[in-house]
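Me: Could you go through this model with me? I'd like to start with strand pairing and then move on to the ligand.

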Amino acid sequence: MSIISDSLKKIKPSPTIAVTQKARELKAAGKDVIGLGAGEPDFDTPDNIKQAAIKAINDGDTKYTAVDGTPALKKAIVEKFKKENNLDYTADQITVGAGGKHVIYNAMMATLNEGDEVIVPAPYWVSYPDIVLLAGGKPVVMECDEKQSFKINPSDLEKFITPKTKWIILNSPSNPTGACYSENDIREIAKVLEKHPHVYILSDDIYEHVTYEGFKFFTIAQIEGLKERVLTMNGVSKAYSMTGWRIGYAAGPKEIIKAIAKIQSQSTTNPSSISQAASVEALSGTQDFIKIRADSFQKRRDFVVKALNDIDGIECLNPDGAFYVFPSCKGLMGKKDTNGKEIKSDTDFVQSLLENSGIAVVQGSAFGLEGFFRISYATSMDNLKKALEKISSFCKSLG
Ligand SMILES: *Cc1c(COP(=O)(O)O)cnc(C)c1O
């Protein structure tokens, strides 16, 4: 008998770890490594938010809070949904957890029975399938290729829905592709989902505030008649550069919100009181820097997409949001690097790129789609310039 549980054995160690580990080793050996793998904004948390946290500490706001969020934070979240998404919720339809990932984990634990299916469009955020597996569910991966801008094709979706489908996960803007669903895209998907009232929708809106060129964000809960089956997850990590503070939230059916609180009451209790106070300021204070940061991300995206498309063998779409691009490296398959190693897969490509040029990116297969790689451009323009030059000369060196 093993001390490790069967459910834990079902999940794989993160496939991104190999690259990260290798990058760490090369760095330790004194090699110049530029990491384009990180999934977090490089900006610091804005000062007004930090000050709110300091004030919370000084005011003795350091005790247990309500399990699924302080009344003040729930109020700020209710107001956020009204103001930004024109959605009406009451405090008992809101839950707050230790990060958006925690909220998704709780939601799956609260709702999945053995064998329940969850449709996960690929390329996907690496945590979705493993969270579903941990909760005893079955991830049903639906590939969405480059020809459809990595977005769900509504007519394909129908084929993936079975009587066992409990959830479908939507993520726009997307990690890892940056793809954004327009209102029209979402309405087309909604038409299919309207025909299947047993399917719930988890909308991961964490990159809502990282969009470009006037892209108009729309979320599926805004669709009349579907809202009752939508759990909308969001958080402060990406919008406010608060990844380390660990606050995420969701709005949705009271029944699910209550079940999530039950799990939390027997596991983490409340999220940090100080981080909650800071999040009230994040959501209710000045939003000025959101635009400033999005402009800065857009400049980096413009540079990265152009530099990638200038490389023979690489092709890259120009996504409307998040801080990732997901270029194809299919044009380089079958070539050999200067050590004579043949590039047979995206994993070979990223490994060889790291070993030869010191650039760390993540292979597409880690996100469920072969033949691509993910670049995070949440790093300085200087780093990006150096990195893209190195990627370019690496690709030229392949023969
Ligand atoms: C970063 C991220 C999250 C959640 O991040 P938290 O820090 O846990 O709030 C959720 N979904 C996607 C796609 C992400 O990239």
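Me: How do β11 and β12 pair, and over how many bridges?
Reply: In this predicted model, β11 and strand β12 (residues 373-376) pair in the antiparallel sense over two bridges, where pairing requires that DSSP finds at least two bridges between two strands, and strands are DSSP runs of E with at least two residues, numbered from the N terminus, as are helices (H or I, at least four residues). Glutamine 363 stands opposite phenylalanine 373 in β12.

Me: Which strands make up the open sheet, and in what order?
Reply: The order is β9-β12-β11, with antiparallel pairing. Because β9 (324-325) and β11 (362-363) stand at the edges with a single partner strand each, one side of each is left without a neighbour in the sheet.

Me: What should I know about numbering and confidence cut-offs?
Reply: Residues are numbered from 1 along each chain as its sequence is written, and side-chain values use heavy atoms, with hydrogens and water left out. Because the model is predicted, local features need pLDDT of at least 70 and side-chain atom pairs count only at pLDDT 80 or more, while totals for chains, interfaces and linings use all residues.

Me: OK, ligand now. Which residues come nearest?
Reply: Of the 13 residues around the ligand (a heavy atom within 4 Å), Gly100, Asp204, Ser237, Lys238 and Arg246 come nearest. The shell divides into four nonpolar, five polar and four charged residues, with Asp, Glu, Lys and Arg counted as charged, Ala, Val, Leu, Ile, Met, Phe, Trp, Tyr, Cys and Pro as nonpolar, and the others, Gly among them, as polar.

Me: Where are the N or O atoms that lie 2.6 Å or 2.7 Å from a ligand oxygen?
Reply: A backbone N or O atom of glycine 100 lies 2.6 Å from an oxygen atom of the ligand, while an N or O atom in the side chain of tyrosine 207 is 2.7 Å from a ligand oxygen, and one in the side chain of serine 237 is also 2.7 Å from a ligand oxygen. The protein buries 94% of the 390 Å² that the ligand exposes when taken alone, with areas from the Shrake-Rupley method and a 1.4 Å probe.

Me: Changing topic, which peptide bonds are cis?
Reply: The bond from alanine 122 to proline 123 is cis, with omega near 0 degrees, and proline 123 is found in the loop between β3 (117-122) and α6 (127-134). The bond from asparagine 175 to proline 176 is also cis, with omega near 25 degrees.

Conventions:
A polar contact is a pair of N or O atoms within 3.5 Å; within protein, one must be able to donate a hydrogen and the other to accept it, and residues adjacent in sequence count only if both atoms are side-chain atoms.
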